[in-house]
Amino acid sequence: MFGFLLGEALRDLRRAGRVAVSAIMLITLSLAALGAFWLLSSNLGQAVAQFRERVKIVVYLKREPPAAEANALAERVRRMPGVASVRYVGKAEALGTLRQVLGKDASVADSLPQNPLPASLEITPTDEGSTLEGARALVTRLATLPESDEIGGGVDWIERFAHGQRLLWVFGLGVGAVLALAAILTVTTATTLVLHARRDEMEIMRLVGAPEHVVRMPLLLQGMMQGLMGAVLAVWVLIVCYALLGPRLEPLVSEVLGVARLAFLPPLTIVALMLAGTLLGGIGGLLARGRPEA
Amino acid sequence: MIELHRVGKVYAVGPVKVPALSDVSFRISKGEFVTLTGPSGSGKTTLLRLLYREDVPTEGEVEVLGDEVSLLTRSQVAALRRSIGIVFQDAKLLPGRTVYENVAFVLRVLGTPRREVTGRVFDALRAVGLSSRAQAYPAQLSQGEAQRAALARAIARKPLLLIADEPTGNLDEGMAGEVLDILKDIWAGGTTVLFATHQAFLAAALHRRTLTLQSGRLVKDEG
């Protein structure tokens, strides 16, 4: 029976012709847009996660403490909430690092009358300490240390980045929703046209006593088929775009975001897109069901 | 099998009430062949529509196959119709399907297993003498052939009751005679037949029980 109803639905789809093609194209467009924003957003999210891992907060000290005092200070800081690890950097080590950074110009450092660099504590925050609120609270706590002269580093710029990522996601969702609505309306129109073309069949089906779900099922199925075809096309478009543009964008992405390569959508997301397409088409088919001319 | 008790039907056309049937009562037993006759507009089609619950009476009771049809739910109406074969004056064949597909279509929508469909379609087409035209489309059929195809579609389901609403209305005498012969064969097979026609000579030629409607009233029940 299901095979027969599926056959009827395919027959309906052929009948709907160009309107069905338009509906499929709109579903493709809406899901491809949604998928593209999803892809960008997830890559940005990955970059944000990497940035968070590299976050360091530096506490510059008023004076260089003796070794035992430095160890005690580091231990005190390590026990603070939001701190994952602490490393003490003495004045000499800081100057050594500067020399490495300067490379062939390292002699500039040697010409200094005395070492101007302060001793410091390099703090790696925990995951909670890496969030905007967590980092702010940690900086406030560190500022209360009597040994502290100045606090450097922070996560404001990462949070701005994460905010941008969320905005991109919401914008993508908005564009996807508008296109999805248009797709539903087009599927509804296509199904309504099919209803007109199918009126004779439906009349015969009712006259011979076919159950109502059998009468309606082909309409629902043809809507779902339009949705599924649109989703398959959308995934195909995304794969092609990823294959063509990915390698060209990777150097830029690596430079700006520090992400080695652009990741494609995970299989679960692809399945979700397929289901979303089928659902969109099904909703279109269902909406057409309720119309009076049905 | 069929029982009508003081049935009336009034159509409301805006503020105007148009009576189509009044005070119609009769009974048809299982296995009967009954002709329903009367001039055009006498209420034959309205009466038949009440039997397969395409419409409901405004007064009285209509009982078909043991069910009071006005009280049936949508799914019960569907179940009732599965026991009734219906043929119309305009045949109502699906234009985009062959004769075979038209007959097979109703079997498939009623859930007949695919392996049984072909045999039952050809049995029905043989019964109406149309097996050689199985692959023809409705547009390629004569009116007589189209009516025979519609009859095949109705009997393929082996209904208990066959309602034929003016199946000979568009046919010449020769073709009408062929259709009547088929109806008699179906009746001989045990199906109760209710045949509506405005052609009085056909009713007379059948020599069966005849119900005559006039202006919505049953004026004669003879034979």
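In the predicted model, chain B contains an open sheet of six strands, arranged in the order β6-β7-β8-β3-β9-β10 with mixed pairing. Strands of a sheet pair through backbone hydrogen bonds, and the pairing may be parallel or antiparallel. The parallel sense is found between β3 (residues 33-37) and β9 (residues 209-214) of chain B, which are joined over four bridges. Within this part of the sheet, T37(B) lies opposite T212(B) of β9(B). Helix α1 (residues 44-51) of chain B packs on the sheet, where it touches β3, β7, β8 and β9 of chain B. The direction of α1(B) makes about 150 degrees with that of β7(B).

A further open sheet of chain B is formed by four strands in the order β2-β1-β4-β5, and here the pairing is antiparallel. Its edge strands are β2 (16-28) and β5 (67-68) of chain B, each with a single partner strand, so one side of each has no neighbour in the sheet. Strands β1 (residues 2-13) and β4 (residues 59-64) of chain B pair in the antiparallel sense over five bridges. The bridge partner of L4(B) in β4(B) is V62(B).

Helix α6 of chain B, which covers residues 173-188, consists of 16 residues. From its first C-alpha to its last it reaches 22 Å, close to the 22 Å expected at 1.5 Å a residue. The buried residues of α6(B) are A176(B), V179(B), L180(B), I182(B), L183(B) and I186(B). Viewed down the axis of α6(B), these buried residues fall within an arc of 160 degrees, and they therefore line one face of the helix. An α-helix has 3.6 residues a turn, so residues three or four places apart point the same way. On the other side of α6(B), the exposed residues are E173(B), G174(B), D181(B) and A188(B). Just after the helix, G190(B) adopts a positive phi of about 110 degrees.

As a whole, chain B comprises seven helices and ten strands. Of its 223 residues, 43% are buried. Among contacts in chain B between residues at least 6 apart in sequence, 67% join residues at least 24 apart.

Chain A contains nine helices and four strands, which follow one another from the N terminus as α-β-α-β-α-α-β-α-β-α-α-α-α. Buried residues account for 32% of the 294 residues of chain A. When contacts in chain A between residues at least 6 apart in sequence are considered, 86% join residues at least 24 apart.

The contact between the two chains takes 16 residues from chain B and 13 residues from chain A. On the side of chain B that touches chain A, the elements giving two or more residues are α2 (74-81) and α3 (99-109) of chain B. Helix α2(B) gives the most to this side, with six residues. The residues on this side of chain B divide into eight nonpolar, two polar and six charged.

Notes. Residues are numbered from 1 along each chain as its sequence is written. Chains are lettered from A and ligands numbered from 1 in the order in which they are written. This is a predicted model: local features need pLDDT of at least 70, side-chain atom pairs count only at pLDDT 80 or more; totals for chains, interfaces and linings use all residues. A residue is buried if 20 or more other C-beta atoms lie within 10 Å of its own, exposed if 12 or fewer, and partly exposed in between; C-beta atoms are placed from the backbone. Two residues are in contact if their C-beta atoms, placed from the backbone, lie within 7 Å. The expected span of a helix is 1.5 Å times one less than its number of residues. The arc is that of the directions from the helix axis to the C-beta atoms. Ala, Val, Leu, Ile, Met, Phe, Trp, Tyr, Cys and Pro count as nonpolar, Asp, Glu, Lys and Arg as charged, and the others, Gly among them, as polar. Two strands pair if DSSP finds at least two bridges between them. Axes are lines fitted to C-alpha atoms, for helices over the stretch in contact, and angles run from 0 to 180 degrees between N-to-C directions.
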